[in-house]
Amino acid sequence: MTMLRSIKIDLDVYKKIVSKMVDTDRDENDALHRILGVTFSNGTESAVSGNNGWSGHGVHLPEGTALRLTHLGHEYTAQIQKGAYLVEGKLHYSPSAAAEAVARTRTGAKPSLDGWKYWEAQLVGETGWKRLDDLRAQARGSQSVKPPRPKRLDQRVVS
């Protein structure tokens, strides 16, 4: 078992560590492992693993995975690069951050989006697309039972 040690840091350093955390970091220690490129004592790397692709919540997307997001009739594309979502030339470390970076409301405002529900991935060797939310449910050992998202508010899914 790894022995944890306390260190003294000032509030500004702590805030900087927290600002660099991504949704796959369980705590500040995970964030520091990832930021500093330190391997955990059990030999594993941090959850976001550089050129090996992106991982989070049991989902692994290999480097080069193609992604697409459709919001209010607009389609956006991304690719997994350097352990992140490369969207319009910028890296984002979570699906929600990537979604919020490109999507806009009808009035042009930035929406708050759950990227797991909007991004779809085309996995290596497959022709179809899979929602990240479904991949996450599959990783948790269950299939998503939610109906597909309506494309417009007036398109309700009737069961």
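Me: Where is Gly83 placed in this predicted model?

Reply: Gly83 sits in the loop between strand 4 and strand 5. The model is a predicted one.

Me: Why is Gly83 called buried?

Reply: Buried means under 20% relative accessible area. Gly83 has a relative accessibility of 0%, so Gly83 counts as buried. The C-alpha atom of Gly83 is separated by 7.9 Å from that of Ser55, and the two residues are 28 apart along the chain.

Me: What makes Ile9 partly exposed?

Reply: The class covers values between 20%, under which a residue is buried, and 50%, over which a residue is exposed. Ile9 has a relative accessible area of 39%, so Ile9 is partly exposed. Ile9 lies in the segment before helix 1 (11–19).

Me: Which residues form a nonpolar patch on the surface with Ile9?

Reply: The patch consists of Ile7, Ile9, Leu11, Val13, Tyr14 and Val18, with about 540 Å² of accessible area together. A patch takes residues with over 30% relative accessible area, and Ile9 has 39%.

Me: How many aromatic pairs are there?

Reply: The count comes to three. One of them joins Trp54 and Trp116, at 5.8 Å centre to centre and with 55° between the planes. This pair links distant parts of the chain, with Trp54 in strand 1 (residues 54–56) and Trp116 in helix 4 (residues 115–118), 62 residues apart. Both of these Trp residues, Trp54 and Trp116, are buried.

Me: Why is the pair of Tyr85 and Trp119 called tilted?

Reply: Rings pair if their centres lie within 6.5 Å, and planes under 30 degrees apart count as stacked, over 60 as edge-to-face and the rest as tilted. The centres of Tyr85 and Trp119 are 6.4 Å apart and the planes stand at 40°, so the pair is tilted. This pair, too, links distant parts of the chain: Tyr85 belongs to strand 5 (residues 84–87) and Trp119 to strand 7 (residues 119–122), 34 residues apart.

Me: How do you know whether Tyr85 and Trp119 are buried or exposed?

Reply: The cut-off for buried is under 20% relative accessible area. Tyr85 has 0% relative accessibility and therefore counts as buried. Trp119 has a relative accessible area of 0%, so Trp119 is buried.

Me: Which residues do the ring pairs link into a cluster?

Reply: The cluster holds Trp54, Tyr85, Trp116 and Trp119.

Me: Which residues have the most contacts inside the largest nonpolar core?

Reply: They are Leu61, Leu67, Tyr85, Trp119 and Leu132, in a core of 22 residues. Elements that give two or more residues to this core include strand 2 (59–61), strand 3 (66–71), strand 4 (74–81) and helix 3 (95–102).

Me: What does Leu67 touch?

Reply: Not counting residues up to four places away in sequence, Leu67 touches, among others, Leu61, Tyr85, Trp119 and Leu132.

Me: Which residues of helix 5 are buried?

Reply: In helix 5 (residues 132–139), the buried residues are Leu132, Asp133, Leu135, Arg136 and Ala137. Just after helix 5, Gly141 has a positive phi of about 95°.

Me: How many helices and strands does the chain have?

Reply: The chain has five helices and eight strands. Of its 159 residues, 31% count as buried.

Note on methods: Residues are numbered from 1 along each chain as its sequence is written. This is a predicted model: local features need pLDDT of at least 70, side-chain atom pairs count only at pLDDT 80 or more; totals for chains, interfaces and linings use all residues. Side-chain values use heavy atoms; hydrogens and water are left out. Helices (H or I, at least four residues) and strands (E, at least two) are DSSP runs, numbered from the N terminus. Buried means under 20% relative accessible area, exposed over 50%, partly exposed in between (1.4 Å probe, protein chains only). Rings of Phe, Tyr and Trp (its six-membered ring) pair if their centres lie within 6.5 Å; planes under 30 degrees apart count as stacked, over 60 as edge-to-face and the rest as tilted. Patches are made of residues with over 30% relative accessible area and no salt bridge: like charges are joined within 9 Å, nonpolar side chains (Val, Leu, Ile, Met, Phe, Trp, Tyr) within 5 Å. Accessible areas come from the Shrake-Rupley method with a 1.4 Å probe; for residues, only the protein chains shown count as cover. A salt bridge is a side-chain nitrogen of Lys or Arg within 4 Å of a carboxyl oxygen of Asp or Glu. A nonpolar core is a set of buried Ala, Val, Leu, Ile, Met, Phe, Trp, Tyr and Cys residues joined through side-chain atoms within 4.5 Å. Contact means heavy atoms within 4.5 Å.
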